[in-house]
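Here's a quick tour for anyone opening this structure for the first time.

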Amino acid sequence: MSEHDEVYEDAVLDLSGESLGEEVASSSPFFVSKKAAAVLKHEILNRYVVPFASKVGRYAPDGRVVYLDSYAGPGRYEDGTPGSPALILDAAARVAGFRQLDCYFVERGRKSYRSLSQLVDEAKDQGLTAHALRGRAEKHLSAVLDRAAGSPLFAFLDPFGLGLSFDALTQDIFGSRARRGLTGRHATEVLLNFNANAVRRIGGLLTSTKQTPSKPATLSAMDAACGGDWWRQEFLDSADNQEAVRRITNGFVTRVSHEIRSGSWTIAVRNRAHHQVAYNLVLFTRHNDGMWLFGEAVSLAQVEWRRAQLPPEEDGMLWNPIDSFEEEEAFRAQEWIRTIRRNIERLLVSKGNFLVDAHQREIMAGVAGEAREMHIRAAVKELYKEGKTGCTGVGSVRQLRISSV
Ligand SMILES: C[S@@+](CC[C@H](N)C(=O)[O-])C[C@H]1O[C@@H](n2cnc3c(N)ncnc32)[C@H](O)[C@@H]1O
């Protein structure tokens with residue numbers, strides 16, 4: 001059986017009965033080579049886990065931070081490109097001098113698990129702490145949570161379709177740890193893939209007249225994933241699939257954040273700028289530092305995603321797409337800075353003076369997930385030069401106090 005078949009088999013056997021993402025349904029097998037959507041996903045993960053571990057590990061006994069990847073895949077693509085496990089093991093090696101990233105990888109597919117456990121064995125030989133667990137994410141969750149007691153935890157939940165239930169996320173993961181404290185050594189963060197294809201296809205069952213035996217179970221699985229059947233009306237009230245994905249993702253994120261009292265980031269992931277959303281990556285964090293660090297990671301990851309859209313450079317080309325890429329990036333940055341300036345000026349009118357750290361949402365309105373701290377600094381410096389603020393823009397961006405002159 002090929003990896004493609006195995007992935008297909010896994011997806012069909014999934015409890016949801018409805019798991020196949022468009023990555024798998026496409027003609028190219030999922031784990032052969034990486035699509036642009038995965039470039040963004042992996043860049044975000046790669047750029048966030050190290051800052052997370054560095055920050056929260058300060059409060060952890062022996063600097064130990066637990067990382068859980070519940071839908072790990074084979075670890076590497078067939079062409080050798082790192083999948084999420086290989087990326088994280090590489091990150092674990094980079095921080096090994098000052099943090100112990102204790103990694104748990106869960107994978108249900110037989111062939112994927114074989115390759116994953118080989119990768120994990122290599123990592124152990126290098127002195128890293130890593131575990132490959134075979135089976136369903138749900139089956140291993142409570143044991144991993146037990147192992148994570150007393151240490152910060154970062155969980156990456158990246159299924160093809162529906163993943164852990166709403167209750168497993170809010171009660172088992174966040175609820176079990178909330179009793180012991182919210183931040184520091186008990187910090188808990190989750191990055192999850194909320195699959196847009198699953199919303200489109202399962203939502204489509206609501207209006208389909210075709211009666212299939214699996215339909216009631218599939219709809220119930222979506223209820224369990226969303227924490228109730230509220231999503232059904234959202235789907236029916238939406239003008240099209242795009243609106244349905246947006247409303248249901250927002251509804252899910254709002255409900256989870258409310259339940260666990262966290263902040264969140266939602267990043268739409270596409271294979272091409274004009275494609276429909278393949279999935280939304282959602283971060284749940286209870287700490288302001290998490291909100292800022294993730295914003296930086298996403299902004300930098302988006303640059304790499306845009307770079308991945310470039311056509312390959314060929315000998316004898318008259319026009320080099322790389323050159324115009326840098327120009328376009330500079331143009332984008334100017335636009336972001338203009339938006340941030342407007343947001344800051346609005347805040348100056350309403351607040352008189354304010355600390356950047358406490359107003360990320362308002363300052364980044366319209367450019368969240370695109371711009372980063374360096375663009376805030378550039379905006380403040382421009383306003384200073386024009387005499388619109390007494391703040392010079394020098395020093396830590398988050399600690400800048402912006403005041404009118
Ligand atoms: C999207 S892929 C993971 C990709 C991987 N996180 C990466 O970024 O390289 C999802 C994986 O989850 C596995 N899977 C599906 N259902 C599962 C379950 N209930 N528990 C654990 N793994 C599951 C599939 O076999 C597949 O390898």
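Let's start with the second largest pocket, which holds about 170 Å³ of space. Keep in mind that you're looking at a predicted model.

- If you want to find the spot, look for the lining residues, among them Arg-76, Pro-82, Ala-86, Leu-89 and Asp-90. Leu-119, Glu-122 and Gln-126 are also part of the lining.
- Sorted by class, the lining has seven nonpolar residues, one polar residue and three charged ones.

**The largest pocket**

- The largest pocket has a volume of about 860 Å³. It's lined by 32 residues, and the closest to its centre are Thr-266, Ile-267, Ala-268, Asn-280 and Ala-368.
- Which elements give two or more residues to this lining? They are helix H11 (241–260), strand S6 (263–269), helix H12 (288–308) and helix H14 (360–363).
- S6 makes the largest contribution to the lining, at seven residues.
- Where does the largest pocket lie relative to domain 1 (3–308) and domain 2 (321–403)? It lies between them, because both domains give residues to its lining.

- Searching the whole structure turns up four cavities of 30 Å³ or more.
- The second largest cavity has a volume of about 190 Å³. Its lining is made of 18 residues, and Gly-163, Leu-164, Leu-192, Asn-193 and Phe-194 lie nearest the centre.
- Helix H7 (166–178), strand S5 (188–195), helix H8 (196–207) and helix H9 (215–226) are the elements that give two or more residues to this lining.
- S5 gives the most, with four residues.
- By class, the lining of this cavity has 13 nonpolar and five polar residues, with no charged residues.

**Two loop residues with positive phi**

- Asp-62 isn't a glycine, yet its phi is positive, near 60°. You'll find Asp-62 in the loop between helix H3 (36–56) and strand S1 (64–69).
- Is Asp-62 buried or exposed? Its relative accessible area is 76%, so Asp-62 counts as exposed, the cut-off being over 50%.
- Arg-261 also has a positive phi without being a glycine, at about 55°.

**Arg-401 and its neighbours**

- Arg-401 sits in strand S9 (residues 401–403). With a relative accessible area of 48%, Arg-401 is partly exposed.
- Leaving out residues up to four places away in sequence, Arg-401 touches Asn-353, Phe-354, Leu-355 and Cys-391.
- What joins the side chains of Arg-401 and Asn-353? That's a polar contact of 2.7 Å.
- Arg-401 and Phe-354 are 47 residues apart along the chain, but their C-alpha atoms are separated by 5.5 Å.

Conventions. Residues numbered from 1 in each chain as written. Predicted model: local features only at pLDDT ≥ 70, side-chain atom pairs only at ≥ 80, totals over all residues. Heavy atoms only, no water. Buried < 20%, exposed > 50% of the residue type's maximum accessible area, 1.4 Å probe, protein only. Contact = heavy atoms within 4.5 Å. Polar contact = N/O pair within 3.5 Å; in protein donor to acceptor, adjacent residues only side chain to side chain. 1 Å grid on protein atoms, 1.4 Å probe; cavity = no way out; pocket = protein on both sides within 12 Å on 5 of 7 lines; lining within 4 Å. Points joined across faces, edges and corners; volume = space filled by probe spheres on them. Domains from an automatic or database assignment. Nonpolar A, V, L, I, M, F, W, Y, C, P; charged D, E, K, R; others polar.
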